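Trainee: I should like to learn how to read a helix and the pockets around it. Please take me through the features in order.

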Amino acid sequence: MAAVTDSAPLVLGIETSCDETGIALVRGHELLADVTATSMSEHARFGGIVPEVASRAHLEAFGPTLDEALRRAGVTAGDVDAVAVTSGPGLVGSLTVGVGAAKSLALALGVPLYGVNHILGHAAVDALVDGPFPAQWLALVVSGGHSSLLHVRDIATDVVELGQTLDDAAGEAFDKVGRLLGLPYPGGPHVDKLAQTGDAEAFAFPRGLSRSKDMAAHAYDFSFSGLKTAVARVIEGFEDAGQEVPAADVAASFSEAVADVLVAKTQHAATTLGVDTVVIGGGFSANSRLRALAQERLTDAGITVRIPPIRYCTDNGAMIAALGSAVVAADLPASELDITIDSGMPLTQVLAQA
Ligand code: KG4
Ligand code: ZN
């Protein structure tokens with residue numbers, strides 16, 4: 001943990017963009033408490049998140065999660081100096097529950113409200129684990145909903161989006177391949193586990209947007225839909241021939257293709273921009289092949305790789321409290337109490353607009 005000043009403001013972070021109700025308390029770079037409730041098991045039988053179910057679950061979980069976070073941090077609501085909440089991107093109903101609750105809290109406590117960007121939170125949270133950021137760094141944010149490469153000088157005030165996925169996010173592609181292989185939802189972790197027993201060179205799957213003509217226009221963008229189609233064709237080929245699908249080999253070759261592209265493009269950006277630190281965040285950074293390949297290739301290239309523990313990579317309140325803390329430290333103006341949610345909030349926006 002980084003050095004902490006007792007005088008830094010106490011920031012309450014609220015995350016409800018998807019199916020996790022996350023509430024955390026942060027002072028400076030110190031995480032005092034981080035509590036998460038999830039409705040994931042309620043969605044599993046539908047094979048995907050049901051927005052109304054997620055919204056209702058946030059409503060039910062909010063009070064107990066807040067009480068538990070305050071208790072674990074050893075503070076009361078009256079000690080909170082600022083409230084930060086995810087304004088977007090995310091599911092409309094889920095975001096609305098969190099933003100509504102955050103407004104009520106800020107109003108009742110008489111403290112400023114900051115509606116912040118979820119994706120930037122996935123990068124900001126690493127400061128709670130690995131300490132203050134260097135003068136410039138790259139953030140690779142990969143999850144079920146986003147795959148973006150960012151050049152960061154200050155997470156609150158100076159973030160440039162280098163590229164993002166043009167179609168599926170990395171986790172989304174894993175979930176779709178999981179479905180093709182008949183694995184339970186969400187497929188990502190299951191495909192990862194299966195891949196560890198397979199041959200990564202069994203199938204030569206495409207590396208999206210990596211040919212020189214694509215690199216000219218999309219050096220830092222990703223595309224996983226062609227890869228997913230290639231996997232589907234291979235599976236169909238075995239099924240049509242009445243043969244058993246070599247699921248572990250398919251999973252391993254697919255995982256290799258995704259990790260290879262993510263790491264290669266990140267390394268290319270680091271070398272081109274002269275940046276020597278890469279932070280990887282988002283739920284997909286739990287992927288074992290991505291972790292191993294990033295450590296191996298980037299470390300070899302003299303680049304420091306920072307990946308927080310998995311509980312800070314999946315959606316959580318600490319990421320929003322960390323970004324709130326950075327926004328407060330940068331002295332940005334608080335959000336108005338009439339801010340709305342923005343399900344497609346762009347990365348260029350750290351704070352919600354009214
Ligand atoms: O950040 P996150 O919790 O939620 C979103 O904001 O999307 O990311 C969850 C995504 C899901 O698509 C899940 O299948 C994927 O990350 N995922 C994985 C692994 N663990 C989670 N994908 C591949 N390998 C894993 N080990
Ligand atoms: Zn997320």
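Mentor: Helix H12 (residues 317-329) has 13 residues, which at 1.5 Å a residue should span 18 Å; its end C-alpha atoms are 18 Å apart, so the two agree. The expected span is 1.5 Å times one less than the number of residues, and helices (H or I, at least four residues) and strands (E, at least two) are DSSP runs numbered from the N terminus. This is a predicted model, in which local features need pLDDT of at least 70 and side-chain atom pairs count only at pLDDT 80 or more, while totals for chains, interfaces and linings use all residues. Residues are numbered from 1 along each chain as its sequence is written, and side-chain values use heavy atoms, with hydrogens and water left out.

Trainee: How many residues of H12 are buried?

Mentor: Buried means under 20% relative accessible area (1.4 Å probe, protein chains only). In H12, 12 of the 13 residues are buried, among them Met319, Leu323 and Val328.

Trainee: What is found at the start of H12, and what follows the helix?

Mentor: At the start, a side-chain oxygen of Asn316 comes to within 3.0 Å of the backbone nitrogen of Ala318. Asp331, with a positive phi near 65°, follows H12.

Trainee: Which element gives the most to the lining of the second largest pocket?

Mentor: H12 gives the most, with 5 residues. By class, this lining has 13 nonpolar, 3 polar and 2 charged residues.

Key
Chains are lettered from A and ligands numbered from 1 in the order in which they are written. Buried means under 20% relative accessible area, exposed over 50%, partly exposed in between (1.4 Å probe, protein chains only). A polar contact is a pair of N or O atoms within 3.5 Å; within protein, one must be able to donate a hydrogen and the other to accept it, and residues adjacent in sequence count only if both atoms are side-chain atoms. Ala, Val, Leu, Ile, Met, Phe, Trp, Tyr, Cys and Pro count as nonpolar, Asp, Glu, Lys and Arg as charged, and the others, Gly among them, as polar.
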